[in-house]
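The stops below go from the whole chain to individual side-chain pairs.

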Amino acid sequence: IYQCDWSSDVCSSDLVGVAAFVVVFAAAGYAWRGNHEGWSVGPGDTSTAAAGQGSHTVTTEQIAAMVGKLEERLKTQPDDADGWSMLGRTYTALNRRDEALAAFRKVVALRPQDAQALADLADALAVMNGRSLDGEPEKLIQQAVKLDPGNVKALALAGTIAFNRDDFKTAVDYWQRAVDRSEPGSDFAQQLQGAVAEARQRAGMAPVAAAARSEEHTSELQSH
């Protein structure tokens, strides 16, 4: 599940509530079953959560119980990297930032070469540091992109670093690569596309549609 921390200016605030709702039910599924089936959902996909909760409204007590089950599971299985990752994302959705950071550090300790774990930790660190990606977060992002050049979250964060430094062409490159690897039509992809459009404008580049037409015209000329 991808949060809006990486680029708050282009995120829709109402996704946060959806993300919290989905991720907590996902955590419950993981705590009970110990596999990915219960939590392979994102902000734009509430199907698994909806199936698990029916027509009932989740209460604060139910959320606490779900998180508690996952916490208890990890006490007996402390080397469960997937469980720690799920707990970190759940804490993030519930705005429990210190606990989220600790959980993501645990994931990286267990999987130091996992690009997603590195990107999640970088994001958590940035949130704790006033949304700044300077320092340790940037190093983690660079490592994540090197390990997995197609990791969407790492690409999104790398684009944010470039954008914040007015390196708009580099931001376009990273964000467009993230768009290309995101689920078409998803909320996250649309947010990224908005970020790409703004970065292109600031870089003095043609809008995406105009650029595509220009490339098509060039291809036609070369074919003759």
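**Charged pairs, stop by stop**

Start by selecting Arg202, which counts as partly exposed at 47% relative accessibility. Its salt-bridge partner is Glu198, with the closest N and O atoms 2.7 Å apart. Glu198 is partly exposed as well, with a relative accessible area of 26%. Both residues belong to helix H10 (residues 187-202), where a spacing of 4 residues separates them by about one helical turn.

Now zoom out to the whole chain. This is a predicted model, and colouring by secondary structure shows 11 helices and 0 strands. Of its 224 residues, 45% count as buried. Among contacts with a separation of 6 or more, 56% are between residues 24 or more positions apart.

Next, select helix H3 (residues 60-76), which holds Glu72 and Lys75, 3 residues apart. These two form a salt bridge, with 3.0 Å between the closest N and O atoms. Glu72 is partly exposed at 45% relative accessible area, whereas Lys75 is exposed at 62%.

Then pick Asp134 and Arg165, whose side chains meet in a salt bridge at 3.5 Å, N to O. Asp134 sits in the loop between helix H6 (115-128) and helix H7 (136-147), and Arg165 in the loop between helix H8 (152-164) and helix H9 (168-180), so the pair ties together parts 31 residues apart in sequence. Asp134 is partly exposed, at 46% relative accessibility, and Arg165 is partly exposed at 47%.

Finally, select Arg89, Asp120, Asp123 and Lys153 together: salt bridges link them in a network. The whole structure contains 14 salt bridges.

Conventions. Residues are numbered from 1 along each chain as its sequence is written. This is a predicted model: local features need pLDDT of at least 70, side-chain atom pairs count only at pLDDT 80 or more; totals for chains, interfaces and linings use all residues. Side-chain values use heavy atoms; hydrogens and water are left out. Helices (H or I, at least four residues) and strands (E, at least two) are DSSP runs, numbered from the N terminus. Buried means under 20% relative accessible area, exposed over 50%, partly exposed in between (1.4 Å probe, protein chains only). Contact means heavy atoms within 4.5 Å. A salt bridge is a side-chain nitrogen of Lys or Arg within 4 Å of a carboxyl oxygen of Asp or Glu.
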